[in-house]
Amino acid sequence: MVLNYPRLSPAVERILDAAHWAPSGDNAQPWIFEVQDDNRFDVCVRVEPGNVYEYRNGEPTLISAGTLLGNIAVAAPSNGKRAKWEYLGAEGPLHRIRVELEEDPSAAPHPLYGEIPRRSVDRRPYRLRSLAPQDKQALSTALGPDFSLSWHESLGARRRIAGLTRLATDIRLRIPETFDIHSRIVDWKRAYSPDAIPSRALGVDAMTQKMMRWTLAKRERTQLANKMGSPFFAGLQMDFLPGLFSAAYFTFHFLEPRATGPAGITQLLRGGEAVQRFWLTASARGLVLQPCLATLAFAHYGLSDEPFTISQPERCKAKLLTRRVVRDLGDLQSTFFVGRIGYPQAAKLESRSLRVPLAELVRDN
């Protein structure tokens, strides 16, 4: 079995194994599973302090935690269980979610269970093919009744949003606060990385990969590359052109006003569950997607005027990004997820992020 963990049944181990395949920013996998008893465990989620991508007090990581709960919701009936969860609160940057499993004699295998390990981020250009109406309907249904889904499908709409993501990349590659993050998250050696993003999965050509590796080795090299316009060309290759070669961009919005405190965290976790239902449904229908959350991060900073960087020019760019995001995507308060979607040009990814062994994430209480 996965763990041979004495306090867990094989069914619960399989549920935990499915849970740990959840997506997370930069493949950080910022969680552990703390076992309470045979059918109870806590998901302990850590928001990295000082990480500029963790806007609105760690919203991206909390949405990722919601996708993990979404995997549990799919895996539980496939293993004869019924799952429920409750947000227990936070101590500093560590959030705790209690998950309880019950035997369910009427449970049946979930049709999306097999998609959990197959689902992945695809940063490549996609086929220039519109979404089929039946695919759009299935995806809309998967999102659920508590959220709204907006499609941005025309060439003009894709060009505008690709421009937003390119501008966000220009900001994030230029600010000094991201250098250490970018230096540690890329795996330059492995095509399938358990704890980082493989360089071959970044969506750039081999020459650009070599240039990125050289510049990220030293902060001074990154500064030199920035002066030579490297972020602009990286944004073209990583954001703008792939954005054009997509079926659509999409945005998710809360229908209810954003809550605060623990209720607000629960709302984000529910949003993450919806993201995963959408993503697994897309995978089952032969679609691939790429989240674009950096766009929301820097648009949020432009709106709130938070000093996210010491670079005044980049803070000005963030304000420009905010105006364009509100114009093209709508209200920033209700919007919680942005991505692009389409049909892949090649069926199999030649490089992708994997996950650390489950045994490294399980702790006894």
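Entry 1, terms. I take buried to mean under 20% relative accessible area, exposed over 50%, and partly exposed in between. By this scale E48, at 29% relative accessibility, counts as partly exposed. I note that the model is predicted.

I looked up how many salt bridges the structure holds. The total is 26 salt bridges.

I found that the side chains of R184 and E48 form a salt bridge, with an N to O distance of 2.7 Å. R184 belongs to helix α5 (residues 179-185), while E48 sits in the loop between β2 (40-46) and α2 (55-78), so this pair ties together parts that are 136 residues apart in sequence. I then looked up the accessibility of R184: its relative accessible area is 46%, and R184 is partly exposed.

Is D135 buried or exposed? I find D135 buried, with a relative accessible area of 7%, whereas R285 is partly exposed at 34%.

I noted a salt bridge joining the side chains of D170 and R174, at 3.0 Å from N to O. Both residues lie in helix α4 (residues 155-174), and because they are 4 residues apart there, about one helical turn separates them. D170 has a relative accessible area of 5% and is buried. R174, at 26% relative accessibility, counts as partly exposed.

Entry 7, the second largest pocket. I recorded a volume of about 300 Å³ for the second largest pocket. Which residues lie nearest its centre? I list R124, R200, A201, G203 and E350, out of 16 residues that line this pocket. Sorted by class, the lining of the second largest pocket comprises 6 nonpolar, 4 polar and 6 charged residues.

Definitions and conventions
Residues numbered from 1 in each chain as written. Predicted model: local features only at pLDDT ≥ 70, side-chain atom pairs only at ≥ 80, totals over all residues. Heavy atoms only, no water. Salt bridge = Lys/Arg side-chain N within 4 Å of Asp/Glu carboxyl O. Helix = DSSP H or I, 4+ residues; strand = E, 2+ residues; numbered from the N terminus. Buried < 20%, exposed > 50% of the residue type's maximum accessible area, 1.4 Å probe, protein only. 1 Å grid on protein atoms, 1.4 Å probe; cavity = no way out; pocket = protein on both sides within 12 Å on 5 of 7 lines; lining within 4 Å. Points joined across faces, edges and corners; volume = space filled by probe spheres on them. Nonpolar A, V, L, I, M, F, W, Y, C, P; charged D, E, K, R; others polar.
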